[in-house]
Amino acid sequence: MRSLLLDGVSRRVWIALGVTLAVLLIAPLIVNDYLLTILILILYFAYTAQAWNIMMGFAGQLSLGHALYVGLGAYTTAALYVHFGLSPWLGLPVAVIVSALTGACIGFLAFRFRVAGVYFAILTIAFAEFARIGFDHFGWVNGSSGLFLPVANYTQSDLWNLRGKPVMFYYVLLFFTVAALALCHALLRSRAGYFWQAIREDEEAARSLGIDTFRYKMYAVVLSAGMTSVAGVFFAFYYNNLFPEQVFSISRSVELILAPVIGGVGTLIGPIVGAFLLTGLAEVIWEFLNAFGFDPPGAKQVFYGICLLFVVVLLPDGVWPPLSRALGLAERPDAPDDKPEA
Amino acid sequence: MPAEIYLNVAVSGLLTGLVYGLMALGLSVIFGVVRVVNFAHGEMMTLAMYLAVVLFSAFKLDPLLMMVPIAAVLFVLGYALQMGLINPFITRPEHSQFMLLVAIAIILVNGLLIVFGPDARSVQTSYAYDSFAVGPLIVDATKTYAGLAAIAVAAALFAFFRFAPLGKAIRACADNYTGALVVGLDVKRLYALTFGLGAACVGAAGAMLVLIIDVTPQLGPAYTLLAFVIVITGGLGSMPGALVGGVLIGMTEAMAGLLFTPSAKSMFAFAILVLVLLFRPQGILGKQLS
């Protein structure tokens, strides 16, 4: 494991990562509440971006319905907490299992029946929509009228029940983001990681080399679904209200894939860089528009769209591959994620 | 419930389904030729619907008459989009094309939101509450006009692809890209033309649909999904399939709304989609996948 974690990363990358992490660790002591909320948003997208990237970036399976797993994670832990007072940390494994099983069902159906490419992407949207309509009529979680978590003005943060101030959520998310990065790094250099990349580049060739493509695609979906649901737990306890219409909506799924696409699909650092760039820039633009007294709904999203358009047209590999070369942080030539998708 | 209710709802679903079919026809034509899935399809339709709303509220112009100019505007938009943005993407991987159109979709939805706000807009024509009595049936006049107009536009498109030299040239591009290049066809221009035609279909469908439902910016993604469901059910790339799929989904939605609750109606459309994807991935009228 240790060698898996340390392989293929140059010292400069380690130093850059270390400095970034140190800055993020002390950030809450320096920044004001507003900046902290933005940092939380950035970390949230950095985490989900990495989870999505395992499925699309590593294994080449395009999911456009990842809001499904966020929603399942959010609803499972929130409902268990509201109904039985179960701590989110105990609800978390349940949420991960529910999401992973759902992912397994979708993966099984899709891969067994050879639903691939665009069809697979549309199937993932269909299941997210199913969940949206289903939860709208699901009485135990209050259907379309929404599920609310009890809120109070906390002076003390209760980590066990995830009730408290934003700074607690910040550190919880930072932990998960770093853990996800370590996991992704280890995965890319593992047997499964190489198999995934083989499947991504050419599934037929991978199969003819004896890779059980069905099984490894299943691993990618299950792992990605389970990881994504962890973000859902955070979503539920941070925002304290859940509406199927919002949680499972297709725009949520799209929002979730912006960061990895802009950062660089299939790269290790790209999804995190994407989250910082996108959310950071959006806030700057937002402030700028506000300063001129112009803040119509949708302005931020139009900006997201334009960013996405520019990146997709001008930097087909995402921002990170050229950026890392410019900063001298590019991975070693033998590293698998040096060459993103052709 | 008396039997007439079911029949009435079925006919109403059939007429709405024809308009859905025309919308999906645009998606199917684009995919069949250019091999790009237009993820901004529903958003283009909401754009057309807003054009119809503006023309009606400002100049009292009937959407059914404005169908042609609106389709023309969407044609130009589609042509420009294909020429400027999508043509360089036809050799890129699928997910890359997808992202490009997702970006366009996001800009369209939220652009409309900025301009028109989140409230629903509608068109109140003088014949909005008229209906025809056919035996025991009561058929909504607006839906009848819209359904008939959808058939007319679809027929014109079929005729174009069947008989017009340009239509034949487009079909040649769809059948054999390299072959079309070899015989000297300007494939990129023909692709742009095709995307324009697909956009025109959805533009015409939008002008009709605005008579039936109110428009909000958020309608875009929902109708993109609906168009996907229809073309996959009918057979992606098959023109008659899109109309058959449209009618099937239109009637399913209407029936589900009657028998269960209207809010659950799209669940049935998605159930059909999942079943088709699993058991007949080429769709009802699609060719066998190689």
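Start with helix 5 of chain B, residues 141-163. This is a predicted model, so everything I quote is computed from it. The helix has 23 residues, and its first and last C-alpha atoms are 33 Å apart, close to the 33 Å expected at 1.5 Å a residue.

Which residues of helix 5 of chain B are buried? They are B:Thr142, B:Lys143, B:Ala146, B:Gly147, B:Ala149, B:Ala150, B:Val153, B:Ala154 and B:Leu157. Recall that an α-helix has 3.6 residues a turn, so residues three or four places apart point the same way. As for partners, these buried residues of helix 5 pack against helix 1 (3-34), helix 3 (63-86), strand 2 (137-140), helix 8 (187-212) and helix 10 (239-259), again in chain B.

Next, the contact between the chains. Chain A contributes 37 residues and chain B contributes 33 residues. On the chain B side, the elements giving two or more residues are helix 4 (94-116), helix 9 (219-234) and helix 11 (265-279). Helix 4 of chain B supplies the largest share, 14 residues. Sorted by class, that side has 25 nonpolar, six polar and two charged residues.

Last, chain A as a whole. Chain A has 15 helices and two strands. Its C-alpha atoms fill a box of roughly 55 × 45 × 40 Å along the principal axes. The radius of gyration of chain A is 20 Å, which agrees with the value near 20 Å for a compact globule with 342 residues. Of those 342 residues in chain A, 46% are buried. Among chain A contacts with a separation of 6 or more, 77% are between residues 24 or more positions apart.

Technical notes
Residues numbered from 1 in each chain as written. Chains lettered and ligands numbered in written order. Predicted model: local features only at pLDDT ≥ 70, side-chain atom pairs only at ≥ 80, totals over all residues. Helix = DSSP H or I, 4+ residues; strand = E, 2+ residues; numbered from the N terminus. Expected span 1.5 Å × (residues − 1). Buried ≥ 20, exposed ≤ 12 C-beta atoms within 10 Å, placed from the backbone. Contact = placed C-beta atoms within 7 Å. Nonpolar A, V, L, I, M, F, W, Y, C, P; charged D, E, K, R; others polar. Rg over C-alpha atoms; globule rule 2.2 N^0.38 Å.
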